[in-house]
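Please load the model in a viewer and keep the selection tool at hand.

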Amino acid sequence: MDDQQFEFTPKQDIEFRELVAKEKIAAIAIAALMTLKLVSRAGSIGSAGWQEILFAVASFIAGIYSCCALFRSGQKLYRITQSNGKDLRYLFAGLQQLENFFAAIALAILFDIIPNFLAS
């Protein structure tokens, strides 16, 4: 069974390279924010309850996973610009990682705000 071949144009490849660069910047920014959040909360860890600590750890893990998923998405999308005829395969692989990013960042935000509602 033959695989269908598809190749984006050189102009579209440039667009994918720009998207990949923006994804890398976003992944680095999110990782920096997650690290700053962790460092800023480190002083209050002694007075926090176990639920707050659990949600903070879950939020951090989900946030870091979102960075990894966004970075992997960029790697898959960059392969579009390097391949010949396999562009759709890499496009869908990149979109899958982008889907993972959105799910993980939503969980990171959710886990970050839940302790505020538990305290009320």
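How many disulfides does a search of the whole structure find? It finds zero, a disulfide being a pair of cysteine sulfur atoms within 2.5 Å. This is a predicted model, in which local features need pLDDT of at least 70, side-chain atom pairs count only at pLDDT 80 or more, and totals for chains, interfaces and linings use all residues. Residues are numbered from 1 along each chain as its sequence is written, and side-chain values use heavy atoms, with hydrogens and water left out.

Select cysteine 67 and cysteine 68. The closest cysteine sulfur to that of cysteine 67 belongs to cysteine 68, 6.7 Å away, which is too far for a bond. Cysteine 67 is buried, at a relative accessible area of 7%, while cysteine 68 is partly exposed, at 35%; buried means under 20% relative accessible area, exposed over 50%, and partly exposed in between (1.4 Å probe, protein chains only).

Next, select the rings of Phe6, Phe8 and Phe16, which ring pairs link into a cluster. The structure holds four aromatic pairs; rings of Phe, Tyr and Trp (its six-membered ring) pair if their centres lie within 6.5 Å, and planes under 30 degrees apart count as stacked, over 60 as edge-to-face and the rest as tilted. Phenylalanine 8 and phenylalanine 16 form a tilted pair, with 4.9 Å centre to centre and 55° between the planes. Both phenylalanine 8 and phenylalanine 16 are buried.
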